[in-house]
Amino acid sequence: MSVNFAKCTSVLITGASRGLGLQMVKHLVGISDRPQKIIATARSPDTAQELQQIAKSHPEVYIVPLDVVNDASIEAAVQKVSSIVGPAGLNCLINNAGIGVPSDLNSETRDRMMTTFQSNTASPLFVTRAFLPLLRAAAAACDGGVMSVNRAAVINVSSLLGSVQLNWGETSVHRAYAYRVSKAGLNMLTRCLALDLQSERILCTVVHPGWVQTDMGGKQAPLTPEESISSLLSVVCALSEKDTGQFLDYEGKNLPW
């Protein structure tokens, strides 16, 4: 499948300074059918050297400071993005920022559980809620168009490890209490958002990018960032009404909750 965002005027990606978020930016700027505005957020833009280099050579890339666990930072980001997208609003919000530290029953701590939940589960809710006025503006501009990233969409990046059903057998070897629980919560959050926003025809989908060779995934992972994101973005750009509230992998296959 090809990646075509030509009709999607604006895309915002959280956690774009490294890993899969950075790879999303790289892939989008490398295609001819890219969005007019690619908004990449980073907690510390000044230290995101690779992202800064991309923005210097691609005027369609805008870097916006955003710490997803800080309400003041979220509000400041909304104001900045509003000035970038204008009355056309924001077409696609990709909640990618997150953290993950392996842990088992004996090593897990209360602080790590709460920090992981704050970043991976609570933050996508509050970031989405803050950007809803811009998403609604984009949806209204389409005047009843079909659900898609070209209209208005929220894409939450989760993990297969968040599947309760699949936490058995082969996939149960990855203990990661805090990470698994936080991603299971993100999956439920996405379904809740999909139900609340369906009357406004704002698409909400949760996606699993695969096991990828990143700082979080490790070198033993079977997928490169390029392989994961090229496939994932081809799925995202083809999403429609049937996919809202669904849990999909990077190949577009439905995953069990």
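Which residues does Thr41 touch, not counting residues up to four places away in sequence? In this predicted model, Thr41 touches Leu12, Ile13, Thr14, Gly15, Ala16, Ser17, Val64 and Leu66, where contact means heavy atoms within 4.5 Å. Thr41 is found in strand 2 (residues 37-42), and the helices (H or I, at least four residues) and strands (E, at least two) named here are DSSP runs, numbered from the N terminus.

Residues are numbered from 1 along each chain as its sequence is written, and side-chain values use heavy atoms, with hydrogens and water left out. Because the model is predicted, local features need pLDDT of at least 70 and side-chain atom pairs count only at pLDDT 80 or more, whereas totals for chains, interfaces and linings use all residues.

| Residue | Relative accessibility | Class |
|---|---|---|
| Thr41 | 1% | buried |
| Ser103 | 5% | buried |
| Tyr177 | 34% | partly exposed |

Ser103 and Tyr177 belong to one set of contacts. Ser103 has its place in the loop between strand 4 and helix 4, while Tyr177 lies in helix 5 (residues 177-197). Leaving aside neighbours within four places in sequence, Tyr177 is in contact with Ser103, Asp104, Leu105, Glu108 and Met113; Ser103, counted in the corresponding way, touches Glu108, Arg112, Arg175, Ala176, Tyr177 and Ala178. Ser83, by contrast, is 94 residues from Tyr177 in sequence and 40 Å from it in space, C-alpha to C-alpha.

Strand 5 (153-157) has five of its five residues buried, so it is largely enclosed by the rest of the structure. In a regular strand the side chains alternate between the two faces of the sheet. Here both faces are covered, with Ala153, Ile155 and Val157 buried on one side and Val154 and Asn156 buried on the other. Strand 5 is joined to strand 4 (residues 92-95) by four bridges, the two strands running parallel, and Leu93 has Val154 as its bridge partner in strand 5. Strand 5 also pairs with strand 6 in the parallel sense, over five bridges, and here the partner of Asn156 is Val206 in strand 6; two strands count as paired if DSSP finds at least two bridges between them.

Helix 6 (residues 225-236) has 12 residues and reaches 16 Å from its first C-alpha to its last, close to the 16 Å expected at 1.5 Å a residue, a span taken as 1.5 Å times one less than the number of residues. Helix 6 is mostly covered, nine of its 12 residues being buried, and among these are Pro225, Ile229, Leu232 and Val236. The buried residues of helix 6 pack against helix 1 (19-29), strand 5, strand 6 (203-208) and strand 7 (247-249).

A search of the whole structure finds one cavity of 30 Å³ or more; on a 1 Å grid over the protein atoms alone, a cavity is a set of points where a 1.4 Å probe fits but cannot get out, and lining residues have an atom within 4 Å of a point. The largest cavity holds about 40 Å³ of space, and its lining consists of Thr14, Val68, Asn95, Ala97, Ser119, Ser123, Pro124 and Val127. Helix 4 (residues 110-142) supplies the largest share of that lining, four residues. By class, the lining has four nonpolar, four polar and no charged residues.

Technical notes:
1 Å grid on protein atoms, 1.4 Å probe; cavity = no way out; pocket = protein on both sides within 12 Å on 5 of 7 lines; lining within 4 Å. Points joined across faces, edges and corners; volume = space filled by probe spheres on them. Nonpolar A, V, L, I, M, F, W, Y, C, P; charged D, E, K, R; others polar. Buried < 20%, exposed > 50% of the residue type's maximum accessible area, 1.4 Å probe, protein only.
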